[in-house]
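Good morning, and thank you for making time for this item. I would ask you to look at the sequence and the structure before I go through some local details.

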Amino acid sequence: MAALVEPVVGGIDPLTPVPHRVVAVDRETSDVVTLTLDPLSEVLVPALPGQFVMVWAFGVGEIPVSVSGVDDAGRFALTVRAVGPVSNAVVAARPGDTLGARGPYGTAWPIADAKDRDVLVVAGGLGLAPLRTAIDELGGGGPRRLTVVVGAREPDQVLFTADQRRWRDLGVDVQITVDAASWRWDGAVGTATDVVARLGAAHDIAFVCGPELMMTSAARAAIAQGTDPANVWVSLERNMHCGIAHCGRCQLGALLLCRDGAVVRWDRVVELLRERGR
Amino acid sequence: MDRSRVIDPQKGLDALVRELAAAGYRVVGPIVRDGAIVYDDVTSGSDLPTGCASDQAPGRWRLRIDDEPTRFGWTPGADSWKRFLAPAHQEVLRIRRHDGSWVSEAPPPPDRPLALVGARDCELRAVAVLDRVLLDADRPDAQYAGRRRDTFVVATTCGVPSATCWCTSIGGGPQPHHGFDLRLTELHEGGHRLLVESGSELGTEVLGRIPGRLATDVDHVAAEAVVARAVEHLPPRLPGSDLPALLAGSASHARWEQVAQRCLSCGNCTMVCPTCFCSTFDDTTVLTDDGSAPVETVRRQHWASCFELDHSNLGGVPVRATIAARYRQWLTHKLETWPAQFEVTGCVGCGRCTTWCPAAIDIVHEAGVLIGADDRSGAGRREEQP
């Protein structure tokens, strides 16, 4: 049989972590930081809003992380919560440390589809991270109207508060809600879905990211408000392990989420999410 | 040059193996070891089984050896060519600390291309599935590409399908029609001999160097009879190409819980499956002599199984926490969702998963129950025994 492709010899294996210098560490909450990475050698292709990279800590391991910021010089930001061994190592990184990254992988929020339309963005918790660059792009003009609903567990868990001020200055309707708060909090208390359900206005297109149950209820609420299910987009997660659709571990039905997701159309996954354990 | 010749089942096969080795191939073929047929390096035709047959049923594979001179009278065991193209364990990357950063190195490709001797149609279709998954990807698998490069394939017509085979129901058959350089068909009527047909220019070249005679119509007619007899042993079981649509609504079927009562979640089915490609990457780190800092990481890849509890881990918790969910993932991936992922079907009908299941669970029977079809073969009926 003839060879189908030339093997990679001496080139860069797709699994190779590319070295990056940590140039900034911004603490977002008690257990969430945003790291800015600067390429030391090879420059990765800039991530589109919603794409992720595999981040590698030498001697610890590798995890998928959504890109929460990009610039023209090949720098990008990652917003990470300390949960397991790798994310703890990443969160503990200091300026000057070296981390590996490869990617970007996966699908992106369909920013072009939002032009001249009423756009709803719903984020729960860390789900705001993969939406941050999307809101940055949308906030610069494009949509007719942009509503951003941000849900967090508590007031001090709200991410990107400086960005939110900037978005408001651009005319974005930013609505914050928290699950629980003390008397000092004068904002809304309740879920992001509650806020969506009370919007009283249909949006043409919705981008939703957060815990799976939150996305399910928020997507349904947006649809109940009048958004076409084919225009609702969610960002789904399974065990993204290789990032290049070789290892089979991020399957959700027919989707290989590292390749066919993370950003997927709601009407294509609603049945898959109905049944537990998929 | 002749595109089909007849060779002696002993001397001819020996000449073929030696010719391929002399041409620089690593020749791999079936051998008998530990009471089973396995694939391994061969240096002469006599390494290949003689007088071997196999009995197969759900949960059962037994080798029989008699005095017959038959060379290919067996059906494959647990082993498949996947082990040579995508090994169960392999190093994929070595990353060494260097000057505040690191340098990485991938292992070199194999020094010799593989020659696979004795591959059935189901097995060649399985290799084509792996090619689709690992080579036709946006980022081809470099290790697989290196091992797969310039593979020489000696296929064989399958004259003796087993009770767990169902290739004709899912797009295959006893005789390979493409994906080979040479195709052997063992003939008994009118004298024991091997009909060798070429499927490539390279195959024709190699064939020209093997002692034998020109094939005649008599030989071709005898080969057709071998195929026809094999097909008779392969009654249609399920409409393979319709399974994705038929299984689409099965996610909440009560059968998943029933099969979970028998399934051990051992993963045997996925290990013997010639198309299962799931894998895990592990980093092993070497520390400095005083143990103070990691200096080198070796990234290794090994076969994984959707039956492993941590396969679907998300934030440290498995998404598919029950055996029912994991069995559903296995069956629906093979028979329902694979074409949507890779535009080929994930099952080649070889029957290994059923044969090597310690609980004798027959995937075809289970699929039949799920789609409400009448699976007439009865191969799955062992479950009704006490």
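This is a predicted model: local features need pLDDT of at least 70, side-chain atom pairs count only at pLDDT 80 or more; totals for chains, interfaces and linings use all residues.

Residues are numbered from 1 along each chain as its sequence is written, chains are lettered from A in the order in which they are written, and side-chain values use heavy atoms, without hydrogens and water.

Helices and strands here are DSSP runs, numbered from the N terminus: H or I of at least four residues, and E of at least two. In chain A, the axes of helix α2 (residues 129–139) and helix α3 (residues 161–169) come within 10 Å and cross at roughly 25°. That angle makes α2(A) roughly parallel to α3(A), a label for angles under 35 degrees; over 145 counts as roughly antiparallel, 65 to 115 as roughly perpendicular and the rest as oblique. On the α2(A) side, A:Arg132, A:Ile135 and A:Asp136 meet A:Asp163, A:Arg166 and A:Trp167 of α3(A), contact meaning heavy atoms within 4.5 Å. By class, this contact of α2(A) with α3(A) has 2 nonpolar, no polar and 4 charged residues.

Also in chain A, the axes of helix α5 (residues 212–224) and helix α7 (residues 266–274) come within 12 Å and cross at roughly 130°. This makes α5(A) oblique to α7(A). The residues of their contact divide into 5 nonpolar, 1 polar and 3 charged.

Is A:Gln164 buried or exposed? A:Gln164, in helix α3 of chain A, counts as buried because its relative accessibility is 3%; buried means under 20% relative accessible area, exposed over 50%, and partly exposed in between, with a 1.4 Å probe and protein chains only. Among the residues that A:Gln164 touches are A:Leu128, A:Val150 and A:Ile176.

A:Val263 lies in strand β15 (residues 263–265) of chain A and, at 3% relative accessibility, is likewise buried. Its contacts include A:Gly50, A:Trp109 and A:Trp233. The C-alpha atoms of A:Val263 and A:Cys209 are separated by 8.9 Å, although the two residues are 54 residues apart along the chain.

Lastly, in helix α1 of chain B (residues 11–22), the buried residues include B:Leu13, B:Leu16 and B:Leu20. Just after α1(B), B:Gly24 takes a positive phi of about 100°.

Methods: Axes are lines fitted to C-alpha atoms, for helices over the stretch in contact, and angles run from 0 to 180 degrees between N-to-C directions. Ala, Val, Leu, Ile, Met, Phe, Trp, Tyr, Cys and Pro count as nonpolar, Asp, Glu, Lys and Arg as charged, and the others, Gly among them, as polar. Lists of a residue's contacts leave out its neighbours within four places in sequence.
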